[in-house]
Amino acid sequence: MTDAGDGTWSIGELAGRAGVTVKTVRYYSDRGLLPEAGRSGGGHRRYGPGALARLREIRSLRALGLGVPEVARALEDGDRLAEVVAGELRGVARERAALAWREASLRLLAECGGAERAALLPLLGAGPLPPDTDAVVRFWRRSLPVRLPSPLVARVLDEVVPVPPDEPSAGQVRAFALLRGLVSDPRPERAPGPPLRGERYRPAVLYEGLGEAYGLAGARVRAGRAPGGGDALDCFAGAYALALGEPDSPAFRRRLAELLGREETGVMARYWKLVVPLLPADRPALGLLHHHLTEALAAPRAA
């Protein structure tokens, strides 16, 4: 029953049926979430029976953590509700990942010794949780040849920049913190230079060829075979030869093995050592594949 003969409810009646306060009903009405059916002769708000269902929808969405703007969008239509819910789910996933990184970071600090704790603490607090990869991307953009086409740069970055796991271990937190410290070092000697130089050097040809070689080497690893053999090694050496405009000969391979061997103990070696724990178990690190191919190139049988 209602007080009016037109089937509408007063704000107090609606609040009582919904189990909320009059202040709550007024709040949602003032923000356009709860339309009024009209006003009484005395200027008081009146609500139709559909307002009760609407108010319950609003309360349910608010209880699930949606803000008032998101509730307003969700109530526009069913498709918009699905869109808003999908966005909220992404937000929840980010929050869970942030909590997981915070927990693993605290566990790392609890487990490590005083000296290591003092060294890690500034690195752990240097970025958001979960961490972003902006510094790693900048590191690679500084390292890659400037003449590399943008689509190829994007493909390289997809392969070499690790994605922070949603539920990291303490060891993975440590690896990522040290990685961020490594790539953020401003000293010029800390950034690797281009692998080849010379007027005839064509970087796009090299990186296209290396991508194919790493693919072949990775397939060999997944098949339980040595990554630096057969077609993978030929493709690896051939990529460098083609990029320099030289024939792939035993003499060329010896010179190339010497050149690449000098890079094995540099910044990139440290980079890949830190990246390995951050990669899925079934994804070989390109740096390790590169290392095995370089070793195979220097082996007597490769001469």
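Among contacts in the protein between residues at least 6 apart in sequence, what share joins residues at least 24 apart? The share is 63%. Keep that in mind as you move through this predicted model.

**Whole chain.** Show the cartoon first.

**Surface.** The protein exposes about 16,800 Å². Carbon and sulfur atoms supply 55% of that area. Of the 303 residues, 41% are buried.

**Main core.** Select W140, F236, Y271 and W272. These residues have the most contacts inside the largest nonpolar core, which has 62 residues. Now color helix 11, residues 230-244. Helix 11 gives this core its largest share, ten residues.

Zoom in on W140. Leaving aside residues up to four places away in sequence, W140 touches L157, V160, V161, M268, Y271 and W272.

**Second core.** Select I11, L14, Y47 and I58. They are among the 22 residues of a second, separate core.

**Nonpolar patch.** In soluble globular proteins, nonpolar side chains tend to be buried together. For a contrast, select L81, V85 and L89. These three form a nonpolar patch on the surface. Together they have about 250 Å² of accessible area.

Finish on L89, in helix 5, residues 78-111. Is L89 buried or exposed? L89 counts as exposed because its relative accessibility is 58%, and the cut-off for exposed is over 50%.

Methods. Residues are numbered from 1 along each chain as its sequence is written. This is a predicted model: local features need pLDDT of at least 70, side-chain atom pairs count only at pLDDT 80 or more; totals for chains, interfaces and linings use all residues. Side-chain values use heavy atoms; hydrogens and water are left out. Patches are made of residues with over 30% relative accessible area and no salt bridge: like charges are joined within 9 Å, nonpolar side chains (Val, Leu, Ile, Met, Phe, Trp, Tyr) within 5 Å. Accessible areas come from the Shrake-Rupley method with a 1.4 Å probe; for residues, only the protein chains shown count as cover. A salt bridge is a side-chain nitrogen of Lys or Arg within 4 Å of a carboxyl oxygen of Asp or Glu. Helices (H or I, at least four residues) and strands (E, at least two) are DSSP runs, numbered from the N terminus. Buried means under 20% relative accessible area, exposed over 50%, partly exposed in between (1.4 Å probe, protein chains only). Contact means heavy atoms within 4.5 Å. A nonpolar core is a set of buried Ala, Val, Leu, Ile, Met, Phe, Trp, Tyr and Cys residues joined through side-chain atoms within 4.5 Å.
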